[in-house]
Amino acid sequence: MSLEIKPEVQVSLTAGSLRFDPSYSLTGLIVQASPHHDHETHERLLRETFGSTDWLWESSDEFRFSTTDRTLCGLTLHTPEHIPTDPKQVASWLDVPVTNGRLASETTRDFSVTPAKVKWVNDDGTFLICAYAEQAADQQATRLRVAQDLDLIFAQNRLVGWILESPILHVSGGPAQVEAETSRQLSLEYRQYSLAMSEPNISAIQDGDQLATQNFVTLLERMKSLPRDPRRDAMIASLTQFHSDWIAD
């Protein structure tokens with residue numbers, strides 16, 4: 001199958017998958033399935049691979065390919081703050097059957113990938129979906145699982161978005177396996193967290209909207225009453241920082 005990340009970046013589908021489980025940073029707003037874990041290992045990855053790079057002066061999703069066999073060996077994806085006008089378009093991607101596979105680049109040139117523009121979290125918080133355009137493509141989609149719980153979405157063979165399953169469970173610090181009730185509760189709270197930390201709610205609070213501010217404070221206090229969990233703590237830390245920055249005591 002011939003696909004493209006962007007018109008000038010052609011890729012093909014091959015067997016296998018990334019061997020790194022995704023991690024999700026609420027502070028950095030990134031999803032990462034990559035061998036690097038700090039600045040030094042990131043620099044080594046850049047030296048040993050080719051593709052797109054998130055330079056300081058030009059935000060880009062990272063798609064890194066091996067210089068030996070041209071297969072995808074690392075992903076870093078930015079999570080946007082805006083919610084789509086019509087969530088039904090991106091929600092329909094959840095109905096697309098999953099195909100397991102890996103990408104192989106047909107060239108060795110470097111490129112850039114503008115991060116996704118909109119995000120949506122389903123009602124029970126079990127899927128984070130990000131789209132590269134405000135209006136998601138209506139064409140039949142391909143859902144390619146390149147790592148555990150991480151799918152790339154192609155429409156008319158072009159990259160249009162990505163999906164992370166069980167997003168809050170990929171926030172580092174907690175056990176990989178949790179009880180079903182704990183998973184459900186964390187995911188539901190993540191759904192509310194995501195809405196609170198999205199536009200237009202962020203702007204409403206920054207502009208002094210009393211209802212938006214009160215709802216935010218209520219959410220933060222409710223989360224503090226939940227059973228302790230590193231992922232709950234990560235959401236509380238993010239909300240608390242925003243509260244400190246924008247809401248007067």
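Trainee: Which residues of α3 meet which residues of α6?
Mentor: From α3 they are Leu186, Glu189, Tyr190 and Tyr193, and from α6 they are Arg231, Arg232, Met235, Ser238 and Leu239. Contact here means heavy atoms within 4.5 Å. Helices are DSSP runs of H or I with at least four residues, strands are runs of E with at least two, and both are numbered from the N terminus. This is a predicted model, in which local features need pLDDT of at least 70 and side-chain atom pairs count only at pLDDT 80 or more, while totals for chains, interfaces and linings use all residues. Residues are numbered from 1 along each chain as its sequence is written, and side-chain values use heavy atoms, with hydrogens and water left out.

Trainee: How do the residues of that contact divide into nonpolar, polar and charged?
Mentor: There are 5 nonpolar, 1 polar and 3 charged residues in the contact of α3 with α6. Ala, Val, Leu, Ile, Met, Phe, Trp, Tyr, Cys and Pro count as nonpolar, Asp, Glu, Lys and Arg as charged, and the others, Gly among them, as polar.

Trainee: Why are α3 and α6 called roughly parallel?
Mentor: Two packed helices are described by the angle between their axes and the distance between the axes. For helix α3 (residues 180-196) and helix α6 (residues 230-246), the axes cross at roughly 15 degrees and come within 11 Å. Axes are lines fitted to C-alpha atoms, for helices over the stretch in contact, and angles run from 0 to 180 degrees between N-to-C directions. Angles under 35 degrees count as roughly parallel, over 145 as roughly antiparallel, 65 to 115 as roughly perpendicular and the rest as oblique. The pair α3 and α6 is therefore roughly parallel.

Trainee: What is the handedness of the crossing of α3 and α6?
Mentor: That crossing is left-handed. The term applies if the near helix is turned anticlockwise from the far one by less than a right angle; clockwise would be right-handed.

Trainee: What makes Asp123 and Arg191 a salt bridge?
Mentor: Their closest N and O atoms are 3.5 Å apart. The definition asks for a side-chain nitrogen of Lys or Arg within 4 Å of a carboxyl oxygen of Asp or Glu, and the pair meets it. The structure holds 12 salt bridges.

Trainee: Which parts does the pair of Asp123 and Arg191 tie together?
Mentor: Asp123 lies in the loop between β10 (118-121) and β11 (127-131), and Arg191 in helix α3, so the link joins parts 68 residues apart in sequence.

Trainee: Are Asp123 and Arg191 buried or exposed?
Mentor: Buried means under 20% relative accessible area, exposed over 50%, and partly exposed in between (1.4 Å probe, protein chains only). Asp123 has 60%, so Asp123 is exposed. Arg191 has 15%, so Arg191 counts as buried.

Trainee: How do you know that Glu181 and Arg184 form a salt bridge?
Mentor: Their N to O distance is 3.0 Å, against the limit of 4 Å. They are 3 residues apart in helix α3, so about one helical turn separates them. Glu181, at 46% relative accessibility, counts as partly exposed, and so does Arg184, at 45%.

Trainee: Which residue forms a salt bridge with Arg231?
Mentor: The partner is Asp229, with the closest N and O atoms 3.0 Å apart. Arg231 and Asp229 are both buried.

Trainee: Why does Thr213 count as buried?
Mentor: Thr213 has 17% relative accessibility, so the buried label applies. Thr213 lies in helix α5 (residues 210-224). Not counting residues up to four places away in sequence, Thr213 touches Ile205 and Ile247.
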